[in-house]
Amino acid sequence: MSFLKNASSLKPLFDRVLVQRLKPATKTATGIYIPEKNQEKLNQATVIAAGPGITNTTTGQVIPTSVKAGDKVLLPNFGGNPVKIGEEEYLLYTDKEILAKIED
C-alpha cells in the first residue's frame, strides 16, 4: 500500500528529477491495435518535478537542476528508479543522467 496520493506530493531531493515516460502508441494509423509486448519503449519523458539542485562542496553554492516541471526530456535506454503512484509509473533520475532537453 502506497502512502502517496499523487505525483505532486513527491518532492525530489538534491539533483533528482521525477519523470513520466511518454505513452507508446496503442494502435496504428489505420486503427489496428498493437499488443503491449510489441509496443516500443519510448525514451522521451515529461518532467513532473525537479529537486532544488546539488551543493558545490568548494563554494557552497547550490547548482540548480537543468530541467524544470513540464520540460520534455530524452532519457537513456535503461536506468532510473521506478516509483509507482496508484496505477501510474514514474522514474527518478539524477540530473546528470538525463541526456537532453527537447525544445519545440
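Reader: Which residue is the bridge partner of asparagine 81 in E7?

Author: This is a predicted model. As a general idea, strands of a sheet pair through backbone hydrogen bonds, either parallel or antiparallel. Here, asparagine 81 has leucine 92 as its bridge partner in E7. A further pair is lysine 84, which stands opposite glutamate 89 in E7. E6 and strand E7 (residues 88-94) run antiparallel and are joined by 5 bridges.

Reader: How many residues lie between the strands in the hairpin of E6 and E7?

Author: There are 2 residues between the strands of this hairpin, and glycine 86 takes a positive phi near 65° there.

Reader: In what order do the strands of the open sheet stand?

Author: The order is E6-E7-E1-E2-E5-E8, which makes an open sheet of 6 strands with antiparallel pairing. Strand E6 (81-85) and strand E8 (100-102) are at the edges; each has a single partner strand, so one side of each is left without a neighbour in the sheet. From one strand to the next, the twist averages 40°.

Reader: How many helices and strands does the protein chain have?

Author: The protein chain has 8 strands and 0 helices. Read from the N terminus, its elements run β-β-β-β-β-β-β-β. Of the contacts in the chain with a separation of 6 or more, 63% are accounted for by residues 24 or more positions apart.

Reader: Which residues make up the largest nonpolar core?

Author: The general idea is that in soluble globular proteins, nonpolar side chains tend to be buried together. In this structure the largest nonpolar core has 10 residues: Val17, Val19, Ala45, Val47, Val67, Val73, Leu75, Leu91, Tyr93 and Ile98. Strand E1 (16-21), strand E2 (44-50) and E7 are the elements that give two or more residues to this core. A second, separate core has 6 residues, among them Leu10, Leu18, Ala49 and Ile85. Over the protein chain of 104 residues, 29% count as buried.

Reader: Is valine 73 buried or exposed?

Author: A residue counts as buried when its relative accessible area is under 20%. Valine 73 has a relative accessible area of 0%, and is therefore buried. Valine 73 lies in strand E5 (residues 72-74). Setting aside neighbours within four places in sequence, the contacts of valine 73 include Val19, Ala45, Val47, Val67 and Ile98. Valine 73 also lies 5.7 Å from alanine 100, C-alpha to C-alpha, although the two are 27 residues apart in sequence.

Reader: Why does aspartate 15 count as buried?

Author: Aspartate 15 is buried because its relative accessible area is 13%, and the cut-off is under 20%. Aspartate 15 is found in the segment before E1. Apart from residues up to four places away in sequence, aspartate 15 touches Gly53, Ile54, Thr65, Tyr93, Thr94 and Asp95.

Reader: With which residues is tyrosine 93 in contact, leaving aside its neighbours within four places in sequence?

Author: Tyrosine 93 is in contact with Asp15, Arg16, Val17, Val19, Arg21, Leu75, Pro76, Gly79, Gly80 and Ile98.

Key. Residues numbered from 1 in each chain as written. Predicted model: local features only at pLDDT ≥ 70, side-chain atom pairs only at ≥ 80, totals over all residues. Heavy atoms only, no water. Pairing = 2+ DSSP bridges. Helix = DSSP H or I, 4+ residues; strand = E, 2+ residues; numbered from the N terminus. Axes fitted to C-alpha atoms, helices over the stretch in contact; angles between N-to-C directions. Core = buried A, V, L, I, M, F, W, Y, C linked by side-chain atoms within 4.5 Å. Buried < 20%, exposed > 50% of the residue type's maximum accessible area, 1.4 Å probe, protein only. Contact = heavy atoms within 4.5 Å.
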